[in-house]
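Hi! Here are a few quick notes to read alongside the model. Have a look at it before you go on.

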Amino acid sequence: MPHTPPANDYDVVIVGASFAGAACALAAAQYGLRVCVLERKADPGERLHTTGIVVKEAMEQTWLGRMPDHLVQRVANVRLYAPNLHNVLLTAPGYYFLTTDTPNLMRWLASELRANGVDLRLQQSFTDACRDGDAWQVEGVGRTAYLVGADGARSRVAQRTGLGQVRDNLYGVEREFAGVQLPEGDALHCFVSRRFAPGYIGWAAQNSTGVQVGLALRHDPAHARAPDIEGFLEHVRDVVGLPHSAQVAGTRAGLVPCGLPDGAITAPGVILTGDAAGVVSPLSAGGIHSSWRHGWAVGDAIGLHRRGTGPAAEQVARQAAPTFHRKRVLRWAMDHLQRDWPVNALLRTGPMRRLAEQIYFHRRGVRM
């Protein structure tokens with residue numbers, strides 16, 4: 001008798017319920033697919049790694065535009081500080097960022113998944129998967145046509161399925177100060193400092209619940225060191241107006257990719273997205289918008305292909321992954337050429353300001 005392949009339990013199983021995973025799930029759910037999301041945390045808003053700062057494009061072009069108003073605060077400007085704390089205000093007409101109550105934003109995203117028919121399984125980790133004919137057998141879950149790894153810079157999906165892994169990372173730490181108001185709350189305060197943030201920056205920002213102050217640096221696994229967040233706080237506290245009486249309400253920390261995986265991001269029936277696929281700006285480490293767009297493209301492609309009207313989702317995933325060629329050149333410069341004295345000397349010059357505006361406001365030719 002001819003062999004009849006077993007039925008799939010799901011059309012797609014997604015590992016990780018952060019931005020890329022949520023986007024992929026919501027896009028696939030629009031096609032009526034059976035979608036399962038595995039999230040190892042019991043509470044999607046706990047132990048976060050993201051700053052939760054959303055750019056204008058993500059707010060205006062994606063599902064994130066539906067965020068409840070009480071979760072966000074609009075920030076129109078960037079105040080950029082040299083290592084000596086001299087600073088300049090950068091603006092772009094019509095542009096803005098949104099700082100967020102990130103824990104409750106992630107809880108809202110979880111509620112959106114469930115409201116759209118997604119089987120969200122909290123407190124369930126991905127352990128392993130093996131190829132089973134034309135499907136994947138996911139341990140503890142069942143058979144699925146597609147397996148999507150949206151599980152971060154140290155993706156277990158990538159490890160278990162032989163896909164590429166991100167080796168180039170930043171390491172960041174951020175402190176939350178609840179109920180605190182900065183004197184200049186409508187600016188994202190960014191600090192260049194080879195001492196505190198080699199390879200990246202420090203920052204302070206007002207959000208809807210208080211103030212977040214963070215710091216990231218280039219991560220070297222062979223000589224790993226934690227960011228000096230306490231020293232940085234003392235360095236910037238007075239200049240941004242953070243009261244000495246402000247108490248730390250929470251801390252988040254983790255790796256942030258700044259490079260591409262060392263291998264493929266797809267194989268038959270398995271796709272990486274978000275941090276797992278290196279879909280993060282290598283220069284600014286901004287990943288919410290790019291991860292959402294890539295995750296949505298993957299979910300949409302899976303939906304179309306499962307309905308018989310689109311190309312292979314693996315092909316779409318590869319084509320949709322941004323390469324950031326120009327920013328990778330600037331990443332190399334940050335890693336190898338960063339010095340404090342040129343920034344101290346040139347911060348207020350026209351060319352330096354225009355370069356900063358291009359980086360922060362994602363556009364060319366912006367003038368003050």
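1. Strands here are DSSP runs (E, at least two residues), numbered from the N terminus, and two strands pair if DSSP finds at least two bridges between them. Within this pair, Val54 has Leu98 of strand 7 as its bridge partner.

2. A word on the source: this is a predicted model, where local features need pLDDT of at least 70, side-chain atom pairs count only at pLDDT 80 or more, and totals for chains, interfaces and linings use all residues. Residues are numbered from 1 along each chain as its sequence is written, and side-chain values use heavy atoms, with hydrogens and water left out.

3. Now the sheet around that pair: three strands make an open, antiparallel sheet, ordered 3-7-4.

4. Zooming out, the protein chain has 10 helices and 18 strands; helices are DSSP runs of H or I, at least four residues. Its C-alpha trace spans about 80 × 40 × 40 Å along the principal axes.

5. How much of the chain is buried? Of its 368 residues, 53% are, where buried means under 20% relative accessible area (1.4 Å probe, protein chains only).

6. Contacts (heavy atoms within 4.5 Å) are worth a look too: of those with a separation of 6 or more, 74% join residues 24 or more positions apart.

How values were computed: Buried < 20%, exposed > 50% of the residue type's maximum accessible area, 1.4 Å probe, protein only.
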